[in-house]
Amino acid sequence: MENKKILDSSIGFIGAGMMGAPMIYNLTKKFSNVFVFDTDQTKLKEFESNKSIIIVDAIGQLSKNCNIIFTCLPGINEIKKVHLDKTGIFENILENVIICELSTTLPKLSKSLEKKYCEKKSTYLEAMMIGPPKTAYYAELLFIISGKKVDNFYFLEALDCMGRLNKWVGSIGNASKAKLLHNALGMINMAATAEILGLCVKSGIDIYSFIDIVRQSPKSKGIGYSTIFDLYSESIINKSKTGTGKLRIAAKDTFLAKELASDQNYSTPILDETKKMFEEAKKMGLGEEEYSRVADIVEYRHGSKIF
């Protein structure tokens with residue numbers, strides 16, 4: 001009976017990176033047993049003083065102690081390895097487990113994993129995160145969820161610990177599609193904003209007056225305003241940090257969005273150019289810089305400093 005009690009109240013979390021770490025802390029507000037694994041053990045040192053966090057050095061140890069497991073991983077290769085390696089989740093979980101993918105992924109991979117986990121009488125779900133690291137810290141993430149709808153109390157409580165709203169969007173794969181489309185739209189906006197601000201400077205308009213015009217335009221139903229422009233226009237021109245995502249993530253997400261488009265045999269010339277810009281930024285060694293530093297590519301293509 002004691003093991004049953006542990007399983008009923010234990011959460012597993014794999015991936016303690018920029019998004020994962022704050023979500024792990026938020027889980028400890030309601031859960032007394034949060035099992036945590038990351039391939040980079042140095043990331044786990046910050047959790048050593050938290051009595052609700054149980055640090056493990058193998059996925060198998062986590063999988064055998066948890067009936068709800070969240071994964072928050074940096075890429076497709078890592079997702080496949082964590083789930084499907086001999087030392088991964090699938091080979092080590094018990095039956096009737098909920099496995100929830102927080103990582104940005106491809107719909108076709110999620111569909112194959114859902115089918116695979118059915119062999120263990122377990123449920124594989126997508127819960128795609130919307131929001132930068134700051135929203136993860138304050139538990140204000142939006143989760144887009146797809147797969148078999150579950151009413152497991154502990155699972156829903158865990159999501160509530162980490163975010164502000166859950167949006168269910170149907171069968172498995174739909175959440176990752178929505179996430180990829182959402183992020184692609186944001187990255188297109190970011191690249192376009194940097195390019196237009198560069199043109200603003202080169203054409204001799206006072207850039208701060210222009211920023212104010214765009215910010216005021218919604219009151220007159222103007223069309224130039226966007227959340228990206230409002231939040232990041234000044235960081236683009238000042239090259240200041242805002243706590244948003246990194247350029248290597250933008251390169252990855254635009255690549256995955258293009259994969260989705262290719263699967264649908266759908267032409268995306270605007271996305272293609274945006275993808276190219278973020279790939280250039282990564283090749284130039286800017287991968288760890290924030291999204292807004294795509295402005296460096298605008299300057300590089302122009303051939304001189306603009307901002």
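This is a predicted model: local features need pLDDT of at least 70, side-chain atom pairs count only at pLDDT 80 or more; totals for chains, interfaces and linings use all residues.

Me: Why is Phe47 called buried?
Reply: Its relative accessible area is 0%. Buried means under 20%. Phe47 is therefore buried.

Me: And why does Tyr25 count as partly exposed?
Reply: Tyr25 has 31% relative accessibility.

Me: What makes Tyr25 and Phe47 a tilted aromatic pair?
Reply: First, the structure holds eight aromatic pairs. In the pair of Tyr25 and Phe47, the distance is 5.1 Å centre to centre, with 55° between the planes. Rings pair if their centres lie within 6.5 Å, and planes under 30 degrees apart would be stacked, over 60 edge-to-face.

Me: Why is the pair of Tyr117 and Tyr124 called stacked?
Reply: The ring centres are 5.8 Å apart and the planes are at 10°. The cut-offs are 6.5 Å for pairing and under 30 degrees for stacking.

Me: Which residues do ring pairs link into a cluster?
Reply: Phe13, Phe70 and Phe155.

Me: What makes helix H2 largely enclosed by the rest of the structure?
Reply: The helix covers residues 20-27, and seven of its eight residues are buried, so the rest of the structure largely encloses H2. The buried ones are Gly20, Ala21, Pro22, Met23, Ile24, Asn26 and Leu27.

Me: How do you know that the buried residues of H9 line one face?
Reply: In helix H9 (residues 207-216), the buried residues are Ile207, Ile211 and Val214. Down the helix axis they fall within an arc of 65°, so they line one face. That buried set packs against helix H8 (174-202) and helix H10 (227-238).

Me: What makes Ile98 buried, and what does Ile98 touch?
Reply: Ile98 has 7% relative accessibility. The limit is under 20%, so Ile98 is buried. Its place is in strand E5 (residues 98-101). Leaving out residues up to four places away in sequence, Ile98 touches Asn67, Ile68, Ile69, Thr123, Leu125, Val150, Asn152 and Phe155. The C-alpha atoms of Ile98 and Tyr124 are separated by 6.1 Å, though the residues are 26 residues apart along the chain.

Me: Why does Lys275 count as buried?
Reply: Lys275, in helix H12, has 18% relative accessibility. That is under 20%, so Lys275 counts as buried. Lys275 touches Thr254, Phe255 and Lys258, not counting residues up to four places away in sequence.

Me: How does the lining of the second largest pocket divide into nonpolar, polar and charged residues?
Reply: 11 are nonpolar, three are polar and none is charged. The lining has 14 residues, with Leu181, Ala184, Tyr266, Thr268 and Leu271 nearest the pocket centre. The space in this pocket is about 260 Å³.

Me: Which helix gives the most to that lining?
Reply: H8, with four residues. H8, helix H11 (247-263) and helix H12 (269-283) each supply at least two.

How values were computed: Residues are numbered from 1 along each chain as its sequence is written. Side-chain values use heavy atoms; hydrogens and water are left out. Buried means under 20% relative accessible area, exposed over 50%, partly exposed in between (1.4 Å probe, protein chains only). The arc is that of the directions from the helix axis to the C-beta atoms. Contact means heavy atoms within 4.5 Å. On a 1 Å grid over the protein atoms alone, a cavity is a set of points where a 1.4 Å probe fits but cannot get out, and a pocket is an open set with protein on both sides within 12 Å along at least five of seven lines; lining residues have an atom within 4 Å of a point. Grid points are joined across faces, edges and corners, and a volume is the space filled by probe spheres set on the points. Ala, Val, Leu, Ile, Met, Phe, Trp, Tyr, Cys and Pro count as nonpolar, Asp, Glu, Lys and Arg as charged, and the others, Gly among them, as polar. Rings of Phe, Tyr and Trp (its six-membered ring) pair if their centres lie within 6.5 Å; planes under 30 degrees apart count as stacked, over 60 as edge-to-face and the rest as tilted.
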